[in-house]
Amino acid sequence: MKTFAFILAAAIFLNGCGGNKEKAYTDAEIAKYQELAKRPVPEPTGGMVLSVKDQTISSELIISKLVSLSGQIKASSYQQYKQQVYPYVRQFVTEQISDILIYEKAAGKVPEEVLEEDGMLDKAVDKEVRRMLAESDYDYSKIQSQLAESGYHWKTFKEDKRRKMLIQNYFTAEFEKSDSVTFKEIEKFYENNKEDKFKVEPEYKFTLIHVPESEENAEKKASLAKLAIEGEMSFADAVEKFSGGIKASQGGKWETSDPSSFAQPYNVLAEELKKLEEGEISEVIENNGNFFVVKLDKKQEAGYQKLSEVQDEIEKFIRMKRRSEKMNNILKELFEQAKISEANGFIEFCIRQAYVRSTEG
């Protein structure tokens, strides 16, 4: 399931509108694709190319990509090199096969006039090209430079854009058939995932004036702070003028999920915070010679997000999950229909040639 979801994302969406930039694969990603080595892909049909339907995948395309990654690969032997790059090559070959199969499927679903020269698809591509040029103030050299960095020139870029637009339109049409999500489905998802996804932890944010017991006339100073606030001095200014304690230099700002866990002398604040509403200011509180005035900035009780608050999020998640499953099923069906056998020989050839070039360089 994950393999096919990734294949489709890579083949259709990751390249986007701006080109086909190299992807830097991390060690974690390489490890993730190890599973792909167990899946079948086509047998090579002629030394330097891999045939899929009536199209071919050039070994040179794969070799050049591997050579470009040589700086990221640390290997003292061919076996070490192969072990590191094999998952990447397998993944890339599968992406190429998927692109061919999906495009053939998509092309077979539209009228011929859409695909013909200067047809609807070509006009849509031209419109996208004009948009790109307009955004760059018709700086052709700038666009050409950007395309070259991504391995394109104008013709290959337009061809690639044409394929992607056709494929994306095909899947959009397929998704529309099953995109409706009922409230019952949303409600069921909410109840089944309430604890893991929609639980709300308690949270208290407050601002504190603390006059420590070590200060002379501490009680009087705390009372003056309270009077000043009642006389319309801002709480922030009162903190700066009257407060000491461990967070005075931070504006008296505190945040916690459990005020009852505070050590002495701050533990006295727990009951007061529970009584206050957001924006309220306490009376002067005393504990072992320490005096406090607290303003509650935010209080969030433990509980769960309301269904009404997360309904749109759940609907979007269900729709995306359904789309991913549909993509996977389509790709799986295409692979099975193509009766594709293994391509280990082709992949081995590409890896060996890339290793030779990398060591010679």
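Strand β4 (residues 203–211) pairs with strand β7 (residues 290–300) in the antiparallel sense, over nine bridges. Strands are DSSP runs of E with at least two residues, helices are runs of H or I with at least four residues, and both are numbered from the N terminus; two strands count as paired if DSSP finds at least two bridges between them. Within this pairing, the bridge partner of T207 in β7 is K295, and that of E203 is Q300. This is a predicted model, in which local features need pLDDT of at least 70 and side-chain atom pairs count only at pLDDT 80 or more, whereas totals for chains, interfaces and linings use all residues. Residues are numbered from 1 along each chain as its sequence is written, and side-chain values use heavy atoms, with hydrogens and water left out.

On its other pairing, β4 is joined to β5 by four bridges, and these two strands run antiparallel. Here Y204 has T256 of β5 as its bridge partner.

Contact here means heavy atoms within 4.5 Å; axes are lines fitted to C-alpha atoms, for helices over the stretch in contact, and angles run from 0 to 180 degrees between N-to-C directions. Buried denotes under 20% relative accessible area, exposed over 50%, and partly exposed in between, with a 1.4 Å probe and protein chains only.

Helix α14 (residues 344–360) has 17 residues and reaches 24 Å from its first C-alpha to its last, close to the expected 24 Å at 1.5 Å a residue; the expected span is 1.5 Å times one less than the number of residues. Its buried residues are F346, I347, C350, I351, A354 and Y355. Seen down the axis of α14, these fall within an arc of 165°, so they line one face of the helix; the arc is that of the directions from the helix axis to the C-beta atoms. An α-helix has 3.6 residues a turn, so residues three or four places apart point the same way. The buried residues of α14 pack against β1 (49–52), β2 (55–58), α3 (59–68) and α4 (78–107).

Several backbone details remain. Most residues other than glycine have a negative phi, and most peptide bonds are trans. N217, in the loop between β4 and α10, has a positive phi of about 55° although it is not a glycine. N288, in the loop between β6 and β7, likewise has a positive phi, near 50°. N217 is exposed, with a relative accessible area of 51%, and N288 is exposed with a relative accessible area of 51%. A cis peptide bond joins Q264 and P265, with omega about 0°; P265 is placed in the loop between β5 and α12 (269–275).
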